[in-house]
Amino acid sequence: MPNKNHVALDLLAVVLIVFMAYILQDFIIPLLFAIILSVLIYPIVQYFESRLCFNRIISITLAITIFTALLLVMFVLIGIQFDEIMSKSDSYYAKIEQKTTPLLADLEQLIGVSRKDIVGNNKLEVKEIVKQNSSSILQFLTKSGGILSDFILSPLYMFLFLLYRNFLVSFLYKATSGLCNKAKTRKVLGELYKVQQNYLVGLVSVMVIVGFLNSIGLLFLGIDYPFFFGFFCALLLLVPYIGIIIGSLIPALVALATKDSYWYAVGVIGIFGFIQFIEGNFITPKITGNKVSLNAFVSILSIVLFSMLWGIPGMILALPITASLKVIFDNSTHLQAVGFLLGEAKEKYFSNKAKNRLKIWKRLRKLKV
């Protein structure tokens, strides 16, 4: 009976936490972004303080200013390039419509569905759609907890977190004194910092590498705006698994509009898919190592659940939050099994046949065959 009560209380606690996370998302999301980004720029702050002997306030201000300026420059460049592409959207649509009309006619004969039922009667004008929905877009950006409010609040929270970092660490020592000793708390905080820093630095490095690979692939195919599309798709790696799909569709449509053959569009998707395969199996594991060791099933599941909870910000925050939870679970006596479930399957959990293949592959690597 006590065990059943304990499980019921745990489930109730989880439900309450999720409910509060949803109700207070306008407050929690900027706070979480601030914590994660504070970890990213902390080495810069530390460099200003230790090497250049700047005051802490000056060091934090300079680091946040540099980081914010880089983001603004990036968004301005994206906006300028996107506006140029939008100015050609109507001509792109006309060419795409011209090429897809025969395909739609064949589809109409094959399945007996009218072309009007598939694409409608009205001509699609992207710029007109943006104008008609500009008020909705503006409302989304400016609402409480929206992207602009997060962009304003997060730097303020970052400044305060970095300014009071020693005070906050002392608070955590006192708050966890009844659960574990100071050395254990310091160990957990160190692991949390390493996981977040490794994830963020690795993510930025992977974005740069993938951006160059995407751009080279688009240059090889002769697609317009190769570097913009290449790095824009790499930027969408912030939304794991889904971002690459969205990022590859836009240049594929441009290829369909500007090239004579359908195979250029197929080639764009194929190249981006191949680069995604290389990134997921070789680049990211090599850069991040085993410090962010979440298995693929848990990664996808966390992205789905956090997107249901917080939308797009939840998709971006899913992996760093889940990786942090794994560190906490691994260091908890009662929750080590959950931490084990979140981690990657090691070699000893493979089938015997898979283990034998892995051993042979490792021996061949040692022999450089």
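Is Y225 buried or exposed? In this predicted model, where local features need pLDDT of at least 70, side-chain atom pairs count only at pLDDT 80 or more, and totals for chains, interfaces and linings use all residues, Y225 is buried, with a relative accessible area of 15%. Residues are numbered from 1 along each chain as its sequence is written, and side-chain values use heavy atoms, with hydrogens and water left out. Buried here means under 20% relative accessible area and exposed over 50%, with partly exposed in between (1.4 Å probe, protein chains only).

Y225 sits in the loop between α10 (182-221) and α11 (226-235), and its phi is near 55°, a positive value in a residue other than glycine. As background, most residues other than glycine have a negative phi. Phi of C53 is likewise positive, near 55°; this residue lies in the loop between α2 and α3 (56-86). C53 is exposed, with a relative accessible area of 64%.

Of the 369 residues in the protein chain, 32% are buried. Among contacts (heavy atoms within 4.5 Å) between residues at least 6 apart in sequence, 66% join residues at least 24 apart.

Helix α2 (residues 25-50) packs with helix α15 (residues 312-330) at an angle of about 45°, and their axes are 11 Å apart. Axes are lines fitted to C-alpha atoms, for helices over the stretch in contact, and angles run from 0 to 180 degrees between N-to-C directions. The two helices α2 and α15 are therefore oblique to each other, given that angles under 35 degrees count as roughly parallel, over 145 as roughly antiparallel, 65 to 115 as roughly perpendicular and the rest as oblique. On the α2 side, I29, L32, F33 and I36 meet P313, I316, L317, P320 and I321 of α15. By class, this contact of α2 with α15 has 9 nonpolar, no polar and no charged residues (nonpolar: Ala, Val, Leu, Ile, Met, Phe, Trp, Tyr, Cys and Pro; charged: Asp, Glu, Lys and Arg; polar: the others, Gly among them).

Buried residues in α12 include G243, I244, G247 and S248.

Note on methods. Helix = DSSP H or I, 4+ residues; strand = E, 2+ residues; numbered from the N terminus.
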